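Colleague: I would like to look closely at a single part of this model with you. Please take me through it slowly, one step at a time.

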Amino acid sequence: KANPDLYCKLGHLHLLSEDYHKSLSAYNKYHLLESEYWKDYPFLFGLGIVYYHFSAYSWTVKLFQQLLYNEPSFCKINEVHCRLGLVFKVTSNLESAVKHFKRALADPRSCSISKPEIRFHLGHLYEIQGKYVAARGEYEQIIALPATQVKSFVQANTLRQLGWIHHTVESFGDAASRSATALQFLQRSIEIDRNNGQTWYFLGRYYSSMGKVHDAFVSYRQSIDKSEASADTWCSIGVLYQEQNQPMDALQAYICAVQLDRNHEAAWRDLAILYEACQQPRDALVCYLNAKHCAQNTKDEDLSRRIKLLQEQVGSSPNEHLNKGHILPCIEDAWTLPIPAELTQRQSAFNIKKLVICLYISSFENKQHRSVSKVVYVRCFETQKKYCNPSSSKPPTQSIDPYFQPADGAREVGAQLRHHVPASSGECMCCVMAVSPMVNGIIPSPTTVSAVVTTQGIVCSTPSGKERYPMNSIVNGTMDNHLYNSVMDTPQDTPSSDVNPSLHTTTNPYQLQTKLTNHMHHHGGTNGSIVSIKPSPPLSHASRSSGADGVLSPTSASLDQRQSPIKEKLGEKEDLLSEDKYLKQSYELSVIPHRPLPPLLQPIGIPFTLPARDVIQTCRKLMCNGSSPKHLHLDKCPPPSKPPSRKQTLPKEELSPPAPTIYLESKKEAMSRALADFCTNPQNPVTVIRGLAAALKLDLGLFSTKTLVESNPQCTVEVRTQAQQPSEENWDSNGTNKVWLCESSRSYSSIAKYAQYQAMTFQESMKVGMNRNSGVCRGTSDASDPCSSKSTSKRKTFKTIKFGTNIDLSDEKKWKLQLQELSKLPWLFRLVSAGNMLSHVGHSILGMNTIQLYMKVPGSRTPGHQENNNYSAININIGPGDCEWFAVPEEYWGEICNLCEKHNINYLSGSWWPVLEDLYHANIPVYRFIQKPGDLVWLNAGTVHWVQAVGWCNNIAWNVGLVSPHQYQMTVERYEWNKFCGYKSIVPIVQLTWNMAQHVRITNPKLFNMMKTCMMRSLWQCQQMLDNLKKNNIDVIWHGRTDEEHSHYCETCEVELFNLLFVRRSESNLQTHLVHCLNCARNLNPDLENFVVLNQYHTDELMRIYDSFTLVSRILSIS
């Protein structure tokens, strides 16, 4: 049997020599042979770099997350944070990108991206998010550095962005001073780098806004010469020509823009305005429809109204009167104008010249020796040339600097030259042939235009008073979209297999992963030898951006632990279990079928009968050689993974199961053990309990809007502004496509003000109802009517509503009556109970062990989610209206997570509303039911759910954690998954476990074993840190822990801190102290200088709690 380590070392060797294909093949062979690959941190890092090179971003994230989870002190962890920051930036996960760039910036160690470059990325992210003051602060720190410490292109790009935000952000001062500052920065940027077309474009925009037409034209000309293919520049030139009353020149410039980027919404809109000004409504309508098609995710009422007016005008006028005596050529003839043809010819010659230069450089580089630091180097500022591909729907990303191209760059360039064929060959080549403008995939003609006019039902008015410049050159109002995408490199070397050279890599991570998985199922694994893969001719960036699918290699693997498609062999799991008795024990001790215990609860091979002191001594002896034995997972456990996918196909009727509903008629039934057992049965994801309020004589009127206003009218209400939609649908902001992203904006109000809004909307609805009953019906469709979603050919328009959420009722003085009333509930549903884990946390967690109130109007949505740390939840509808619920069993959360990733939404932190068709297609059952006033909904541990109000109502909700092995395992499982994903767990599980060991008598053996294992691991972790601190002569100061003191979390990685706190002063505010974990503290300073180590528990106290925690017999517990 081959030694797996040889393949791993061979992968490292190929990576160092920049042969990414062979490196990928060798790494995957190692992955096949080594079941505990996750212990080899250089392997995780190396394969992550390879996947990053091939733009397989989803797999890059998974590998780097495994590395961060198991070895956060890895020597190249700074490089990992940089790569993750870039990946999250290019995939629009901006908050995660900011977090990782901050961690990379705080780490004093060097990596492939310099600190000024990292700071530029951070400032750019702030700018995209609209945090202009923070962005300016980051940029100013860069230009304040000595010129020798900052690369010239970083300086140039920083000055450019500073100039642009001063030009566009009004809050930075009066117009005159901002203009002078902006011009100064832009000119300084050009002095440093005169070949940056983006800077010239910004300067042209500046001159145009100042009315300096000649200077603007000169700048735009320079931008075209430098960046060659810029749709934004040509669109801006068109605006200048139009303002100078030169319609033919403006038309030619707009045609250039839409040839370069067919999805350039601003160019189509401006072209439509031009045609409309020249009295050519049919051509204007075609262009407006194209603009609407390009702006599918943007809600624009003006555009819709304009389209409707033109549709009516075109439909009512005879064809012979339309475009009669027109000034400009029609849109179809405009494609033959001389300037666009000249543009494509010049672009083609430019491309060939550039490729020949690259060929010379690459052939020279092949003779040079390059270090591994150059392998991982990423240039993130020079804009990738976008070779006028009309089919590309994405702005260009940034190219890797030629000096750091892979060793087979010459071969790649030769392939590009072979693909550069004339348009007459039949291939649709970018930069060679132009395509006609399309409306929803149809090339418009006089006949198709009339068809479009009759089928399109939506509509808009000419925008007035707006600066007509390229709208897709602005992100959130100020940021250039090309720059936004260009800060991430897209690798040029696109590998494929010899078997299927026609398939190419796409930059879409989900499509890439699907192709790889399908390809592996088709071709199988390797035959034991290293597969040498010859790259097929790579696609240009534009053609890759257009959505071509592809594969990497026959050995490419999915990286979900123990669930890889290349590892799915019959009986393999059984083989693994037979080889590793501790893994087998982990499955046996698990109370969840087919899932092992989470890492924190996995057995470590030390008997529970040993006292705490002997546990510590045993661990010390086992660790005396510097590393634990293979079977003893003291610190490093297999990383958590999603639950396995269900293979069996459910019948259609089982995809919509009825929700279990219990009708109570007496207090005895409400207090019965049978009710509690039914609710907590894992086989019942959700239970609806009716008649509970009547049986217990609960006064739910205490939670009515009227009583709330009388009790505490100024209580803060978080308000979510949403679109009122049918409950089974979720449309984008433009109302054209069904999506998963559930958009809302946040603001704050008071109970009194929201109560007025509730009453106002109710009165308006009553008036509408009375008008309908009297026969006075308006022509607009009701957005809340589910039937209105049946027509998908028309754009949906929805009413805007406000949802009052997260109203805190924890203050016992202000809400005494309400809290006392809820004490009538059975023990399972009570807020405070000895059998409720959350009652033993030691402090309040808003919304979990406190009551939260929700005030709703029809259409108010609570997006899809699982409860924090998979706890159970209770929700009571106060009324008077109903709520509609959707719920999915916990075992399907991994598949819903995959669907969220497919739609580029973060499952844990994102806002999503599932499309039911997608769930049914994925074979996921959905419980759907109505919660009437007085109904209590019990959500079992981990149930995925989302809710929409049908009428006007209030709801109260809180969480419950039953002291049971199932709930505890579910809680720790999500705790570990949150840690793996870098998401904060608001319930401190380790602290909770030690508190429960002190205050709760445990009678269940499985729960006792889980808690004892958690305590054993955390006890040894604390002692190990203390031993290391003592060895390095670092003092530990006693701090203690006060009653109701909140648990601490690391300021950097947000993991729970138990017992030992590493504290330092904040650099920005010396009065603020920041708490860190050991790994993050050492990443900031290996010697822990400027850190104070605080101790909350004495070791003797922890050992006493550990030893006194014993399993209590059920009989003794009852007595």
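In which helix does His14 lie, and what can you tell me about the residues around that part?

Modeller: Before the details, please keep in mind that this is a predicted model, so I describe what was computed from its atoms. His14 lies in helix α1, which is made of residues 4–16. With a relative accessible area of 14%, His14 counts as buried, because the cut-off for that word is under 20%. If we leave out residues up to four places away in sequence, His14 touches Asp19, Lys22 and Ser23.

Two of these residues lead us on to helix α3, where Val50 has its place. Ser23 is again a partner here, for Val50 is in contact with Leu15, Tyr20, Ser23, Leu24 and Tyr27, once its neighbours within four places in sequence are set aside.

On the side of α3 the contact is made by Phe45, Ile49 and Tyr52, while α5 contributes Glu79, Val80, Arg83, Leu86 and Val87. Sorted by class, the contact of α3 with α5 has six nonpolar and two charged residues, and no polar ones.

Ser711 has a relative accessibility of 34% and so counts as partly exposed, whereas His14 is buried. Its contacts, not counting residues up to four places away in sequence, include Trp815 and Gln818. Ser711 and Ile751 are 40 residues apart in sequence, and their C-alpha atoms are 9.9 Å apart in space.

To set this part within the whole, the chain has 42 helices and 19 strands, and 57% of its 1119 residues count as buried. The chain exposes about 46800 Å², of which carbon and sulfur atoms supply 52%.

Notes
Residues numbered from 1 in each chain as written. Predicted model: local features only at pLDDT ≥ 70, side-chain atom pairs only at ≥ 80, totals over all residues. Heavy atoms only, no water. Contact = heavy atoms within 4.5 Å. Helix = DSSP H or I, 4+ residues; strand = E, 2+ residues; numbered from the N terminus. Nonpolar A, V, L, I, M, F, W, Y, C, P; charged D, E, K, R; others polar. Buried < 20%, exposed > 50% of the residue type's maximum accessible area, 1.4 Å probe, protein only. Areas by Shrake-Rupley, 256 points an atom, 1.4 Å probe, with all protein chains shown as cover.
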